[in-house]
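Subject: Handover of a structure and the findings

Dear colleague,

Please find the structure below, followed by an account of what was found in it. I would be grateful if you kept it open while reading.

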Amino acid sequence: MSRSLISRRSPFGRGNNLSEQPRKARPQSPLDALGWKPFFQQQLSLDEYEHCEPVRVMAVHRNRLEVAGESGESSLPLESISLPTAVELRPTVGDWLLLEREDGGYRRMLERSSLFRRMAPGAERVQLIAANVDSVLIVASCNQDFNLSRIERYLALTRAAGSRAYLVLTKADLCADTGEYLEAVKSLRELPVMAVNALDADSVSSLRSWLAPGETVAMLGSSGVGKSSLLNSLSGVQLAETSAIREDDSKGRHTTRHRALYPLPGGGLLLDSPGMRELGLAGGEEGVAAAFEDIDALAQQCRFSDCAHDAEPGCAVQAALERGDLDERRLRNWRKLLREITRNQRTLAEQRADDRALGQFYREVQGHARSRKQGRD
Ligand SMILES: Nc1nc2c(ncn2[C@@H]2O[C@H](COP(=O)(O)OP(=O)(O)OP(=O)(O)O)[C@@H](O)[C@H]2O)c(=O)[nH]1
Ligand SMILES: [Mg+2]
Ligand SMILES: [Zn+2]
C-alpha cells in the first residue's frame, strides 16, 4: 500500500488542537497524547524501532480502520491486514499497530494492557469493545432509566478488564433531588461518583481529574444517558451527534453508531460508543468478585465451602440478608451475573471446539485434494 493513497490529517485537527491548550504537566509528544506508554514501547524489537511507526486505532469501520500516529491520521484498509480468525486477536478501537515507515504496510498488533469484550447480542460469539483502556466512566442518568443492577454489570466488566471505574450521574439539572441517586449508589462502595449536567462545560470540568493527559477513558452507559453530550462538552466542540430521548420512558434512540476515540483538549482520550442494550459478560468471575467484594467476603465465611447461599446452615450471606446488611436485589444480581458467565463460557468453549473441528475438516479436505492432484501429476 502506498502512502500517497492515504489521506493524512492531524488527529487533533477536529477543532481541538492540543498545542493551543495551556498545560501544567510536562509537554507531551504527539504519541504520548495518543496514549503511548512504556508498556507498548517495551514490546518493540530493534528492527521494529527502526522501521516501524506505531499508530493507534481511533475507529473501526466495515472495511477500514482509522488510525493516528506521529504523522497524523490515516485510513488503513482492512484488506491490507491478514486478519486472524480468532475475534480476540483482531484490531479494535484503542489498539496499537505497527506500520512500516517505508510504505505504511501493516506489520503487527501490539500486546494489550486491557481488553473490553462482551457476548455479541443474539450470537454465540465474543465481540470486542475496546483495548488499552485505562479507566471507565460508567454513565447513568438521574431519571427513570437509572438502574443499579446495570451499573453493577458495567462495574463487573470494568473490574474484569483491570481498569479504574468512575461513576458519572448525568441530568442532575433535570432532577429535583440527586440525593436519592447518590444514596442508591453508596452500596457500590469504592466507586467515585460525580453528578453533572452533561450539557454544561463548567459542570463537566469537574470530571477532568479523571481524564489525565495520555489516559484512555471509555464510557459505558445505555443509550440516551448523555455520553456524546459529555464528549462534546469536554472537548468544547460538537464532535458527536446527540438526540433527544423518548419522553415516555427516558430511553435513548441509539444515536451514536460507531465507537471512536477522541483526544480531548486538556489531555486524555475519550471513547464514545453506542449505548449497548445488551452487555453480556463473556467471562471474568474475578470482575464480579471485585464489583461485589462485600458478598464475596461474606461467601467465604459460610460454614460449607460449596454453600449455595440458599438455606444451608451457617450461611453468612443469608445471615447478612436477614440482618438487613445486604440488599436482596444486589444478591440476585450477583447470582445472575455469575450464572451468565458460566453459561457464556460453556457456549464459547463449545464454539471453539466446533471451530477447531471445522478447521481440522478443512485441512483434511485440502490434504485429500492435494494428494489427489499429486497423484494425477
Ligand atoms: N438537561 C440535560 N440534558 C442532557 C444531559 N445529558 C444528556 N442530555 C440530553 O439527553 C439526550 C441524549 O444525549 P446523548 O448525548 O445523545 O446520549 P448518548 O448516551 O450519547 O446516547 P447514544 O448515542 O444513543 O448511546 C440529548 O437530547 C441530550 O441533550 C444532561 O446532563 N442534562
Ligand atoms: Mg451517543
Ligand atoms: Zn452461604
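Buried means under 20% relative accessible area, exposed over 50%, and partly exposed in between, with a 1.4 Å probe and protein chains only. Helices (H or I, at least four residues) and strands (E, at least two) are DSSP runs, numbered from the N terminus.

This is a predicted model, in which local features need pLDDT of at least 70 and side-chain atom pairs count only at pLDDT 80 or more, while totals for chains, interfaces and linings use all residues. Residues are numbered from 1 along each chain as its sequence is written, chains are lettered from A and ligands numbered from 1 in the order in which they are written, and side-chain values use heavy atoms, with hydrogens and water left out.

β12 runs antiparallel to β13, and 4 bridges join them. Two strands pair if DSSP finds at least two bridges between them. Within this pairing, tyrosine 262 stands opposite leucine 270 in β13. The two strands, β12 and β13, form a hairpin with 5 residues between them, and glycine 267 in the turn has a positive phi of about 95°.

Which residues coordinate the magnesium ion (ligand 2)? They are Ser228, through OG, and Thr256, through OG1, at 2.0 to 2.1 Å. The pair links distant parts of the chain: serine 228 is in helix α7 (residues 227–235), and threonine 256 is in the loop between α7 and β12 (260–263), 28 residues apart. Donors are N, O and S atoms within 2.8 Å of the metal (3.2 Å for Na, K and Ca); water is not among the atoms, so sites may look incomplete. Serine 228 is buried, with a relative accessible area of 7%, and threonine 256 is also buried, at 16%.

Helix α7 is mostly covered, as 9 of its 9 residues are buried. Its buried residues pack against β8 (135–141), β9 (164–170), α6 (201–204), β11 (216–220), β12 and β13 (269–272); contact means heavy atoms within 4.5 Å. Just after α7, glycine 236 takes a positive phi of about 75°.

**Aromatic pairs**

How many aromatic pairs does a search of the whole structure find? It finds 6. Rings of Phe, Tyr and Trp (its six-membered ring) pair if their centres lie within 6.5 Å; planes under 30 degrees apart count as stacked, over 60 as edge-to-face and the rest as tilted.

The rings of phenylalanine 40 and tryptophan 96 have centres 6.0 Å apart and planes at 45°, so this pair is tilted. Phenylalanine 40 lies in helix α2 (residues 38–41) and tryptophan 96 in strand β4 (residues 96–100), so the pair ties together parts that are 56 residues apart in sequence. Both phenylalanine 40 and tryptophan 96 are buried.

In another pair, the rings of tyrosine 166 and tryptophan 210 have centres 4.4 Å apart and planes at 10°, so the pair is stacked. Tyrosine 166 is in strand β9 and tryptophan 210 in the loop between α6 and β11, 44 residues apart. Tyrosine 166 is buried at 13% relative accessible area, and tryptophan 210 counts as buried at 10%.

Trp36, Phe39, Phe40 and Trp96 form one aromatic cluster.

Yours sincerely,
A colleague
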